[in-house]
Amino acid sequence: MSTDALLQVAGLSVRYETDHGHIDAIQELDLDLIRGECLGIVGESGSGKSALLLAIMGLLASTARARGSIRFRGTELIDLPTRAFNRLRGARLAMIFQDPLSALNPYLRVIDQLSEVARVHLRCARREAERRGLELMASVHINEPDRRARQYPHELSGGMRQRVMIAMALMAEPEIILADEPTTALDATVQAQILSLLHEVRVRSGASLLLVTHDLGVLAQLADRVGVMRAGRLLELASCEQLFYSPTHPYTRELLAAMPKLRVPA
């Protein structure tokens, strides 16, 4: 583990209990997240990527049990009391969910949801919280933030909703941002805009970014290091350059071989 690591995961296993037995979503996983870096985790559906983020955030379902260690700045997160975890979530650890329409409250206007983060974690008065919300909306390139702020999530496009989620994640200036497939439901043009925004946010804020996806092309644009997961296990962890040009695990080579390639006619 790096001495510069903000987050250290050691021997992490996550097991879900079902009516038909147990499912091991993660098995003996080790990784660290270094200050200011983008660490990408890639793998097929069901590989355990999202379970990893949920375990870090303390948001696993009641049917799940985590074993091992997840340490943020030396504080053990597994079995951390709820009150202590609530002080970290949103303030020092923030998450961008895959489906912003489900993650946002459909009954509250955008500005109410943004300002709530400021009131809870920054102890801001309502007017100050709303001012900060509007500033953040502008900073993530939402046009007409004053008008958009008064709208409800269903009135926004998918790309706009994802920008709102990014603004919410940034509100309390967290040290780590976790992003779960943040561009999956977006078309190619909007996806490129959101990826550019995530890079801009990381550079501007200095936050570390843990990004999970099934798309190696996304990680090629953003990641400093890449981990490859399959069936709950971390098979390979390397610098982005090393993984793309000198992969060591056969499964990684299979993923790279399956990437679409641009062929120019002779």
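Student: How many disulfides does a search of the whole structure find?

Tutor: The search finds 0 disulfides. The term needs a pair of cysteine sulfur atoms within 2.5 Å. A caution on sources: this is a predicted model, where local features need pLDDT of at least 70 and side-chain atom pairs count only at pLDDT 80 or more, while totals for chains, interfaces and linings use all residues. Residues are numbered from 1 along each chain as its sequence is written, and side-chain values use heavy atoms, with hydrogens and water left out.

Student: Why is C240 in no disulfide?

Tutor: The nearest cysteine sulfur, that of C38, is 8.8 Å away. The cut-off is 2.5 Å, so C240 is in no disulfide.

Student: What makes C240 buried?

Tutor: Its relative accessible area is 11%. Buried means under 20%, exposed over 50%, and partly exposed in between (1.4 Å probe, protein chains only). C240 therefore counts as buried. C124, at 16% relative accessibility, is buried as well.

Student: Why is the pair R71 and E76 called a salt bridge?

Tutor: The rule asks for a side-chain nitrogen of Lys or Arg within 4 Å of a carboxyl oxygen of Asp or Glu. The N to O distance for R71 and E76 is 3.5 Å, so the pair qualifies. By this rule the count comes to 15 salt bridges.

Student: How do you know that R71 and E76 are partly exposed?

Tutor: R71 has a relative accessible area of 32%. For E76 the value is 24%.

Student: What makes R73 and E175 a salt bridge?

Tutor: Their closest N and O atoms are 2.6 Å apart, so the pair meets the 4 Å limit.

Student: Which parts does the pair of R73 and E175 tie together?

Tutor: R73 lies in the loop between strand 4 (64-72) and strand 5 (75-76). E175 lies in the loop between helix 7 (158-170) and strand 7 (176-180). The parts are 102 residues apart in sequence. Helices (H or I, at least four residues) and strands (E, at least two) are DSSP runs, numbered from the N terminus.

Student: Why do D224 and R202 get the salt bridge label?

Tutor: The closest N and O atoms are 3.2 Å apart, so they are within 4 Å. D224 is in the loop between helix 9 (216-222) and strand 9 (225-230), R202 in helix 8 (residues 188-205).

Student: Is R202 buried or exposed?

Tutor: R202 is buried, because 12% is under the cut-off. D224, at 36%, counts as partly exposed.
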